[in-house]
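Student: I have a model open and want to learn how to read it. Can you take me through the features one at a time?

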Amino acid sequence: MSYWRLLWLALKMIYQLLCCSVSLIFFCFNVFWLFCNLAIPWCTLTLLVVCIASKFVKLQRSPNEKRLLSLLSSPEEWPSYWPIANRAAGFDAPENSKAAIKKCLARGYRNVLLDAGLTSCGEIVVANPAKINIAQPLGELQKLNITEQHPMGSQYEAEAVAPLRQLSDFLEAEAAETTVFLRLHDNSARMINQLQKFMTADESFAQRTIVISRSPLAIYQLRKLKPEIICGLWHETYLSLAILKSSTLITSIYGAIFRNIIAPVIGISVVFLCKDEINFHIADLWRNVGVRPIVYMVNSPNEKRYFQKTMKIQYLTDSLRSEPHVLMKA
């Protein structure tokens, strides 16, 4: 008798489990139906409104495309065309230093990226906030010797953190052919106002500089104050999150918003993309909206050869000693 009772209880549990499973399936189906009928149309409508609104608030891209091309140099200047020296090739010489800029020029490379931050007294300085605490008065910063932080610093003369005005004077006097990619690490309104005032007062510096920021809002504010400034977006690797990378749809929507809405609105001319998140298709999509892609960080000779020969894209590098043509000569 107990055997049949146990069998009956087992069948009853299986029946209840099936009922619960069917109820769960119907619940999921109803939620999906609700999402399809309510959420997707509203999302579509919202994107449509944003796209239309972006046509009225967008800024003009670089006012002079020829000036941008002259700053980046041309492929005919191979091989010096391809690399952009990060922090003036900070692996080869003290980063963000005048000595490093001179070394780049001596090797025939004129494209350098330099860091910019704001001191506590409101002075824009050329320094990497990750290594130097710039949240202090300029007088204190200039007591530091930045060459000491480099492994080969003993080979260079002592050099202090340079204010932006001092860098501009140096470039005008000794490195007039340099193109500066000025990467902003402070995207506050105070920084934007200070930079706009400086570049308005120093037109020669503005003519040789491309301002880079990870903040679309900061770029928009800067170009709204001074539309002639050429700007670029530093595209962070936000999609490194597994939950986002696992969905091709989310990745596509995320990229489309940046390329087709944000880029035209803020009027960028270049975009810095992580080397792990670029391919021929993505590069073409950026070019189709009039933005030139540049990849970071590329230090391996084989990777450099790939981006030169195959992708034909300029790249940001920490060292110019690993350029393929330099190694071939050696």
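Student: What percentage of the 330 residues in the protein chain do buried residues make up?

Tutor: Buried means under 20% relative accessible area, exposed means over 50%, and partly exposed lies in between (1.4 Å probe, protein chains only). Here buried residues make up 44% of the 330. Before going on, note that this is a predicted model: local features need pLDDT of at least 70, side-chain atom pairs count only at pLDDT 80 or more, and totals for chains, interfaces and linings use all residues. Residues are numbered from 1 along each chain as its sequence is written, and side-chain values use heavy atoms, with hydrogens and water left out.

Student: How many helices and strands does the secondary structure come to?

Tutor: Helices (H or I, at least four residues) and strands (E, at least two) are DSSP runs, numbered from the N terminus. This chain has 13 helices and 10 strands.

Student: How many salt bridges does a search of the whole structure find?

Tutor: A salt bridge is a side-chain nitrogen of Lys or Arg within 4 Å of a carboxyl oxygen of Asp or Glu. The search finds 14. Take Asp-115 and Arg-87: their closest N and O atoms are 2.4 Å apart. Asp-115 sits in strand S2 (residues 111–118), and Arg-87 in the loop between strand S1 (83–86) and helix H3 (98–106), so the pair ties together parts 28 residues apart in sequence. Both Asp-115 and Arg-87 are buried.

Student: Where do Asp-92 and Arg-107 lie?

Tutor: Asp-92 is in the loop between S1 and H3, and Arg-107 in the loop between H3 and S2, so their pairing ties together parts 15 residues apart in sequence. Their salt bridge spans 2.9 Å, N to O. Asp-92 is buried at 2% relative accessible area, whereas Arg-107 is partly exposed at 33%. Salt bridges with shared partners join Asp-92, Arg-107 and Arg-321 into one network.

Student: Which residues make the nonpolar surface patch of about 540 Å²?

Tutor: Patches are made of residues with over 30% relative accessible area and no salt bridge; like charges are joined within 9 Å, nonpolar side chains (Val, Leu, Ile, Met, Phe, Trp, Tyr) within 5 Å. Accessible areas come from the Shrake-Rupley method with a 1.4 Å probe; for residues, only the protein chains shown count as cover. This patch is made by Trp-4, Leu-7, Leu-11, Ile-14 and Leu-18. Leu-11 lies in helix H1 (residues 2–57).
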